[in-house]
Amino acid sequence: MRKIMAMLLLLSLSLTSAACGNGAKDSIPDGTFEGTGNGRGGEIKVSLTMKDQEVADIEVLENQESEGLSEAMNMLKEEIIATNNLDVDVVSGATLTSVGFRLAVQDAFSKTGADKSLLLKKEKPAPEKREEKYDADVIVIGAGGAGLTAAITAAENGMNVIVLEKMPMAGGNTLISGGEYAAPENWVQEKEAIEDSADLFYGDIMKGGDEESNPALARVLADKALEGAEWLRDEVGMIFEDYMLFFGGHSVERSLVPKNATGYEMIHKLTEKLKETGSPLHLETKATELIMDENGRVTGVKAEYHGQIIEYTAKKGVIMASGGFGYNKEMRAKYNEEMGEGYLSTNSVGSMGDGLVMAEKIGASLVDMSFIQAYPTCDTQSGALLYVGDVRMEGRSILVNKEGKRFVEELERRDVISKAVLQQTGGVSYMFWDASAMEDSGMDVKHAAEYNGLIARKQLVKADTLEEAAAFFEIDAEELKKTVENYNQYAKDGKDLEFNKRGKLVPFGEGPYYIMVSKPAIHHTMGGIKINTEAQVVSTEGKVIEGLFAAGEVVGDIHGTNRLGSNAIADITVFGRIAGESVSK
Ligand code: ADP
């Protein structure tokens with residue numbers, strides 16, 4: 001009997017301890033725990049330090065996110081530590097990175113063996129208090145490339161400047177771009193003995209935009225592009241690579257490439273420079289309205305900061321540099337029905353066209369609003385630009401459909417390819433290339449983070465045989481094989497009989513082979529505010545609106561129907577500088 005009792009006791013004890021081992025602990029152990037999650041560029045690995053039931057520290061041990069997106073991880077880290085909450089909201093504009101970081105932290109926490117409910121949430125610290133009113137000489141709306149350039153220029157001309165940015169970080173579309181800068185007669189061209197001129201560039205801008213650009217504005221862009229690039233290099237300290245890229249529609253290779261081929265270099269250096277001038281950058285501050293005096297002069301801006309309404313007065317003027325409206329589906333459809341729903345966007349979530357609405361309300365003229373550009377080969381999940389796909393611009397890949405057939409000339413204009421892709425099965429295209437194209441272009445090295453992320457997210461496959469690569473995406477392998485054979489024959493004969501592909505044709509050789517799925521996404525809005533060559537805003541009556549200047553993607557009439565690749569960075573620099581100078585006069 002005693003034996004039975006003892007056994008029962010033992011059994012019940014072991015059951016209790018099993019229950020304890022299975023279930024959650026009643027407190028969170030102190031210590032450091034590691035976890036992983038998938039971000040935009042692949043795996044993110046973090047270490048999480050817990051102390052006294054609270055998140056004490058988070059360290060990112062490994063990640064392949066681009067430099068611009070790393071800032072989002074810092075913001076999340078601070079918020080998690082401040083609130084003791086592992087389910088913080090994603091940072092807008094950096095969704096995939098945020099989700100990956102959050103997953104990594106949650107994974108690390110799971111290693112504590114404790115339940116998340118033991119984390120006692122702390123109140124989010126109140127946003128820093130702002131004044132009700134600020135007075136400055138110049139208010140700049142938007143901290144993308146155009147706004148920062150304009151602000152620095154005005155500050156260097158002795159102006160007291162404040163920059164308003166609605167997002168929690170500076171950068172806009174400039175940050176997420178490749179940052180390439182078209183500049184005729186530049187230093188890399190000189191080194192490579194490439195002949196170019198401002199006239200040739202001017203002709204390309206006009207032709208690329210179907211002669212719809214305002215000739216006076218296009219002329220300014222062509223004439224001042226080089227000066228702008230030199231300013232970025234010499235005054236702002238931007239570092240450029242020692243090679244160039246050849247973008248469609250340019251007569252010669254003239255596009256300078258910033259360090260690491262991303263817009264981060266430009267935004268990072270401009271933000272540092274702005275700091276040096278002592279001009280404040282008010283983040284999370286959304287301009288909502290332009291203020292005008294009785295004479296029709298713009299004298300300030302109303303803005304919103306965490307529910308607080310702030311009035312900013314601008315003695316000399318306001319510079320609108322709020323970017324385009326590529327992320328705003330409704331607005332796109334309003335001006336061009338075809339470009340609304342159905343398209344993802346490569347743009348920053350901040351590109352909602354706020355500046356256009358504000359400027360129109362006070363009588364500014366908006367021009368070319370229906371000219372909206374799609375980029376043909378973007379991420380099917382996020383709409384982001386895919387730099388690995390630049391292998392196409394090197395003439396070394398073909399685009400096929402699910403049926404394994406080519407359907408468009410691969411170096412056609414962006415709009416033509418985009419429309420053709422949307423007509424294919426699933427509205428997507430498959431970019432195909434071989435081992436030597438990869439080796440020559442170096443895309444897997446230059447854009448390693450993106451490359452690894454694409455593989456991890458199954459958007460890109462590398463396979464030893466063509467059949468295997470095709471099977472991954474359920475592409476008709478027999479047809480693809482025929483397509484490649486035909487293409488190789490065209491390369492041999494020196495003429496593409498199907499699509500008359502421009503440039504030198506290089507045949508495909510040995511594997512491994514690569515196939516990347518992509519689809520078109522809205523990339524640039526050519527339309528916008530009408531300005532004169534001094535970056536002053538012009539009204540619907542054709543008169544200058546005193547005190548209001550505009551620069552960057554918010555401006556229309558510069559690129560006509562179609563902006564050529566790498567012309568935007570030149571545009572925002574040239575007109576950002578002009579706006580900064582004009583407002584200081
Ligand atoms: P650009 O290339 O013309 O400089 P970007 O897209 O790079 O254009 O930058 C525009 C910036 O303006 C973005 O950072 C965007 O978040 C910001 N912005 C847009 N609307 C507003 C607004 N209403 N108030 C403040 N900032 C804004």
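Two strands are said to pair if DSSP finds at least two bridges between them, and strands themselves are DSSP runs (E, at least two residues), numbered from the N terminus. The model is a predicted one, in which local features need pLDDT of at least 70, side-chain atom pairs count only at pLDDT 80 or more, and totals for chains, interfaces and linings use all residues. Residues are numbered from 1 along each chain as its sequence is written, and side-chain values use heavy atoms, with hydrogens and water left out.

Strand 12 (residues 308-320) pairs in the parallel sense with strand 4 (residues 133-141) over eight bridges, and here Lys-133 stands opposite Glu-311. Strand 12 also pairs in the parallel sense with strand 22 (residues 544-550), over three bridges, where Met-320 faces Ala-550.

## The hairpin with strand 11

With strand 11 (residues 298-305), strand 12 pairs in the antiparallel sense over six bridges, and Glu-304 has Ile-309 as its bridge partner. Two residues lie between the strands of this hairpin, in which His-306 takes a positive phi near 45°.

Glu-478 belongs to helix 17 (residues 477-493), helices being DSSP runs of H or I with at least four residues. Glu-478 has a relative accessible area of 54% and therefore counts as exposed, the term for over 50% with a 1.4 Å probe and protein chains only.

Definitions and conventions. Buried means under 20% relative accessible area, exposed over 50%, partly exposed in between (1.4 Å probe, protein chains only).
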